[in-house]
Amino acid sequence: MPLFRIDKENKLERIEEHKFKLEKDIQRLTEANLLEIFSLEFVRTEFALHQFRIDTLAFDPETNSFVIIEYKRDKNYSVIDQGYAYLSLMLNNKADFILEYNENADSTLKRKDVDWSQSKVIFLSPSFTNYQKEAINFKDLPIELWEVKRFKNKTVSYVQVETSGAKESINTVSKQDHTIETVSKEIKVFTEQEHLDNAEDDIKELYLKFRESVFNLDDDININPRKFFVDFQYNKKSFTDAVILKRGLKIYLNLKSGDLDDATGIARDVSNVGHWAMAHMK
């Protein structure tokens, strides 16, 4: 997508792309800004294990899961094969990943602290082929493609490649590949529909009304289904969550105690109470 600058005469002037020469340039820029781009904690660069070398190992504090990031300028590779190979490596060497985190992070992880089921792989590249984009067109694939572009006005864009209304499950092809089948048994990509499937019709309708109201707030709001709830984010930061129950709907708002103007008194502070969502007010 081209980028333009508006001049003094209200004319559009195209900003030329300043292409990355090396994968390492993309890696350095991304690792230095992981929190701003993906809301991830940096763990280790060039993490070598067995015959593999992971470009960037990161940790998602919201899902308590590891994220593997790979940088690519070469278009002649399979994102599915490579992605599942890395996930298989991680699941077969969990202790090594936890040890790497504990040696490099400010906090300490125990095996029970990690939710391996929400692990994923991110591929970063200036562009992907149509074949690679189509290869991820599954509704439950733990692999994401992100295109990164740098422009001559010192602007950088990170844009996720979205699937085109994927309905097929990766499990339909997993029996043809032992690695995919093995990984799919432990790692699961959660969908909004799966949360809705457990709810009765009136709860579904209530949730969809809430969902529509949230999306009407701003064009930059995204939805991110988690294991136990549906997370709504603005600029990659969670601001409200929905826990869809069979006979109920719980809404959490990410606010500091006392900041909510609650004239009806229907909310309560749950910041010190155990709950599934990332937000605090219910």
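A residue is called buried when its relative accessible area is under 20%, exposed when that area is over 50%, and partly exposed in between, using a 1.4 Å probe and protein chains only. By that rule T191 is buried, because its relative accessible area is 16%.

This is a predicted model, where local features need pLDDT of at least 70 and side-chain atom pairs count only at pLDDT 80 or more, while totals for chains, interfaces and linings use all residues. Residues are numbered from 1 along each chain as its sequence is written, and side-chain values use heavy atoms, leaving out hydrogens and water.

Stay with T191 for a moment. The loop between α7 (178–184) and α8 (192–197) holds T191. Helices (H or I, at least four residues) and strands (E, at least two) are DSSP runs, numbered from the N terminus. T191 touches K139 and P225, leaving aside residues up to four places away in sequence. Contact here means heavy atoms within 4.5 Å.

Now go to the start of the chain. Strands β1 (residues 3–6) and β2 (residues 12–15) run antiparallel and are joined by four bridges. Two strands pair if DSSP finds at least two bridges between them. R5 has E13 in β2 as its bridge partner. Five residues lie between the strands of this hairpin, and N10 takes a positive phi near 65°.

Next comes a sheet. It is open, has six strands in the order β3-β4-β5-β6-β7-β8, and its pairing is mixed. β3 (41–49) and β8 (156–160) are the edge strands, each pairing on one side only. From one strand to the next, the twist averages 30°. Inside the sheet, β6 (residues 120–125) and β7 (residues 143–150) run parallel, joined by five bridges. L124 finds its bridge partner in β7 at W146.

Helix α1 (residues 23–31) lies across β3, β4 (52–60), β5 (65–71), β6, β7 and β8, at about 145° to β3. Helix α4 (residues 94–104) lies across β3, β4 and β5, at about 130° to β3. Axes are lines fitted to C-alpha atoms, for helices over the stretch in contact, and angles run from 0 to 180 degrees between N-to-C directions.

The structure holds 11 aromatic pairs. In F38 and W146 the ring centres are 4.9 Å apart and the planes stand at 90°, so this pair is edge-to-face. F38 belongs to helix α2 (residues 34–38) and W146 to strand β7, so the pair ties together parts 108 residues apart in sequence. Both F38 and W146 are buried. F66 and Y101 are also edge-to-face, because their centres are 6.4 Å apart and their planes are at 80°. This pair ties together parts 35 residues apart in sequence, because F66 lies in strand β5 and Y101 in helix α4. F66 counts as buried at 0% relative accessibility, and Y101 does so at 3%. Rings of Phe, Tyr and Trp (its six-membered ring) pair if their centres lie within 6.5 Å; planes under 30 degrees apart count as stacked, over 60 as edge-to-face and the rest as tilted. Ring pairs link F47, F59, F66, F97, Y101 and W116 into a cluster.

Last, look at helix α3 (residues 79–91). Its 13 residues reach 18 Å from first C-alpha to last, close to the expected 18 Å. The expected span is 1.5 Å times one less than the number of residues. α3 is mostly covered, with 11 of its 13 residues buried.
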